[in-house]
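Please have the sequence and the coordinates at hand while reading.

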Amino acid sequence: MPGYDPGKYYDLYSVLKDVVASDAPQYTQAADNGAIINMIPTHKFSLPVDSAAAAGSDAIHPGDSIRHELHLDIPDNRHYLLKNDLAMLAVISSSKWKRPICFTSPQDLASLGLDKYVRLRGMVYQLTPALNAGGADNDASYKIIMDKFAYGNADKEGVYYDEENRRHLNSIKFAHAQVAMSLAAAGRKDSARKILEHYDQNVLQSNMPYGMTSNRGNLHDYFSFDFLQACYMAGDSSLAKKVTASLKKDLDQQMRYYKSLGDPSMSDEQLAINANMLLQKGGGNLSDLQAKYFAQDILSTYRMLMQINEWDKQVKTIPGGSPNR
């Protein structure tokens, strides 16, 4: 938009209030269907930091290096923002750091330039003005998981969880893995192991196995793969063996099924190479069923198996039974 320097950051609150919310002709444009569109003049926004207010809302920790303002870079390939995006930005800009601003999903944050300014706190990501943001709020997350988390009776035999409820349990499992990895990286491996074992004790394998095929690609196994990495980082070799056995059983079964849909003489490696070639638009010798439905699953299954085998190999060669991570 004329008058706005593409290399400069503009105050988020002022842009939302004076430009995006304005119906002035210079800030609007007619769409092809005749609707009036409110314009966003820049991809770069600044958000002032009130450090005293941020400290009062637990957004700042002792030792944090605080920015005087946050710089939000909206990716250039985002040509418009939806109302939910604008609502989120409006809440952030008008809060003035007086209350915690939290998010449930990190995926949406990168598209608004917020991903580098959040810290995991249990299962939510809290906005923080710290330069060293990222990772987890270890003390708060440990207490929340150990004292507050609920598991929907997953510790009782015979409870059935449909795909949607498995998705929620996977999110809970992923939170345990993230916090455990953060604790382990901070040298607190005992606490990391307690976090991981807390999940294992509250979610029975008979109700929710670590290895399980999902209709959302390999998402279930990916969450367990992260959980397994956390086990290795925490030095929990016993739990790592349990997770590995369940994961490898499912992934091996998947590979056998995928191979049965095409040339049975093809090795797992050859099947994965051909799936990768197809996904990279370079051909690939797969059957119609393999190519149409399972190319991405073939590749992800093979890659996870290879990494799990590599970790297992490291465990057998390192004293103490835990790979260096």
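Is aspartate 200 buried or exposed? In this predicted model, aspartate 200 is buried, its relative accessible area being 15%; the cut-off for that class is under 20%. The side chain of aspartate 200 meets that of lysine 242 in a salt bridge, with an N to O distance of 3.0 Å. Aspartate 200 belongs to helix 7 (residues 189-202) and lysine 242 to helix 9 (residues 237-260), so this contact ties together parts that lie 42 residues apart in sequence. Lysine 242, for its part, counts as partly exposed, at 36% relative accessibility.

Side chains of opposite charge can pair when their charged atoms come close. Lysine 44 and aspartate 73 form a salt bridge in which the closest N and O atoms are 2.8 Å apart. Distant parts of the chain are linked by this pair, since lysine 44 is in strand 4 (residues 44-48) and aspartate 73 is in strand 5 (residues 69-73), 29 residues apart. Lysine 44 is partly exposed, with a relative accessible area of 22%, and aspartate 73 is likewise partly exposed, with a value of 26%.

A further salt bridge joins the side chains of lysine 259 and aspartate 268, at 3.5 Å from N to O. Here lysine 259 is partly exposed at 21% relative accessibility, and aspartate 268 is partly exposed at 27%.

Terms used: Residues numbered from 1 in each chain as written. Predicted model: local features only at pLDDT ≥ 70, side-chain atom pairs only at ≥ 80, totals over all residues. Heavy atoms only, no water. Salt bridge = Lys/Arg side-chain N within 4 Å of Asp/Glu carboxyl O. Helix = DSSP H or I, 4+ residues; strand = E, 2+ residues; numbered from the N terminus. Buried < 20%, exposed > 50% of the residue type's maximum accessible area, 1.4 Å probe, protein only.
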